[in-house]
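Subject: Structure handover

Hello,

Here is the structure for you to take over. Please open it first, then read the notes below.

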Amino acid sequence: MPHLHLEYSDNLQHLLQTQPLLLAMHQALFNAGYVTDPDDLKSRAIMQQDYVIGLSPRTDQAYAHAKVSLLSGRSVEVRQAISALVLEVMQQSIAPQPELKIQLCVEIIEMPKQTYSKATI
């Protein structure tokens, strides 16, 4: 059921293959048993052109930030494990660059089960 939102700075666009990265995240979550039906995984990637890292615009810094939205009810330990797993996939998929300091981040967001709605039509 996780929804994955990947935002990344535009200076990563030539280094980052978003679809293979999202598929790798899906596969890792499925393989680890955090997802029972792979069709419940939904992902999207958005490149950000307007961003600032630090105190001034710089071209030597970049970021990729993954938000993983989960239905509420999972323990802190499970959420931590999912965060670590997604970060590991990002680290394996994004090669370090000598000219860039790349920050990789994962944020876990809980969606209340009571208000989440879904329909397949």
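**What I found**

Tyr-63 is buried, at a relative accessible area of 17%. Buried means under 20% relative accessible area, exposed means over 50%, and partly exposed is in between (1.4 Å probe, protein chains only).

Before the rest, some ground rules. This is a predicted model, in which local features need pLDDT of at least 70 and side-chain atom pairs count only at pLDDT 80 or more, while totals for chains, interfaces and linings use all residues. Residues are numbered from 1 along each chain as its sequence is written, and side-chain values use heavy atoms, with hydrogens and water left out.

**The aromatic pair**

Tyr-63 has a ring partner, Tyr-51. Rings of Phe, Tyr and Trp (its six-membered ring) pair if their centres lie within 6.5 Å; planes under 30 degrees apart count as stacked, over 60 as edge-to-face, and the rest as tilted. By that rule there is one aromatic pair. The two ring centres of Tyr-51 and Tyr-63 are 5.7 Å apart and the planes stand at 75 degrees, so this pair is edge-to-face. It links distant parts of the chain: Tyr-51 is in the loop between β2 and β3, Tyr-63 is in strand β3, and they are 12 residues apart. Helices (H or I, at least four residues) and strands (E, at least two) are DSSP runs, numbered from the N terminus.

**The sheet**

Four strands make an open sheet, ordered β2-β1-β3-β4, with mixed pairing. Two strands pair if DSSP finds at least two bridges between them. The edge strands, β2 (42–48) and β4 (101–111), each pair on one side only. From one strand to the next, the twist averages 15 degrees. Axes are lines fitted to C-alpha atoms, for helices over the stretch in contact, and angles run from 0 to 180 degrees between N-to-C directions.

The pairings are these:

- β1 and β2 are parallel, with seven bridges.
- β1 and β3 are antiparallel, joined by six bridges.
- β3 and β4 are parallel, over 11 bridges.

Leu-6 has a bridge partner in β2, Ala-45. Its bridge partner in β3 is Ala-66. Helix α2 lies across β1, β3 and β4, and runs at about 150 degrees to β4.

**Along β3**

Strand β3 is mostly covered, with 10 of its 11 residues buried.

Gln-61 is in β3. Its relative accessible area is 8%, so Gln-61 is buried. Its bridge partner in β4 is Lys-101. Contact means heavy atoms within 4.5 Å. Leaving aside neighbours within four places in sequence, the contacts of Gln-61 include Asn-11, Tyr-51 and Gln-103.

His-65 also sits in β3. At 19% relative accessibility, His-65 counts as buried. The side chain of His-65 makes a polar contact with the side chain of Glu-107, at 2.9 Å. A polar contact is a pair of N or O atoms within 3.5 Å; within protein, one must be able to donate a hydrogen and the other to accept it, and residues adjacent in sequence count only if both atoms are side-chain atoms. Beyond its neighbours within four places in sequence, His-65 touches several residues, among them Leu-6, Met-90 and Glu-107.

With 25% relative accessibility, Lys-67 counts as partly exposed. Glu-107 is 40 residues from Lys-67 in sequence, yet 4.7 Å from it in space, C-alpha to C-alpha. Setting aside neighbours within four places in sequence, Lys-67 is in contact with residues including His-3, Glu-7 and Ile-109.

**The core**

Which residues have the most contacts inside the largest nonpolar core? They are Leu-6, Leu-21, Met-25, Leu-29, Val-86 and Met-90, in a core of 24 residues. Strand β1 (3–9), helix α1 (18–31), strand β3 (61–71) and helix α2 (76–93) each supply at least two residues of this core. A nonpolar core is a set of buried Ala, Val, Leu, Ile, Met, Phe, Trp, Tyr and Cys residues joined through side-chain atoms within 4.5 Å. Neighbours within four places in sequence aside, Leu-21 is in contact with Leu-6, Leu-16, Val-89, Met-90, Ser-93 and Ile-94.

**An exposed loop residue**

Asp-39 is in the loop between α1 and β2. At 65% relative accessibility, Asp-39 counts as exposed. The C-alpha atoms of Asp-39 and His-26 are 9.6 Å apart, with the two residues 13 apart along the chain.

Best wishes
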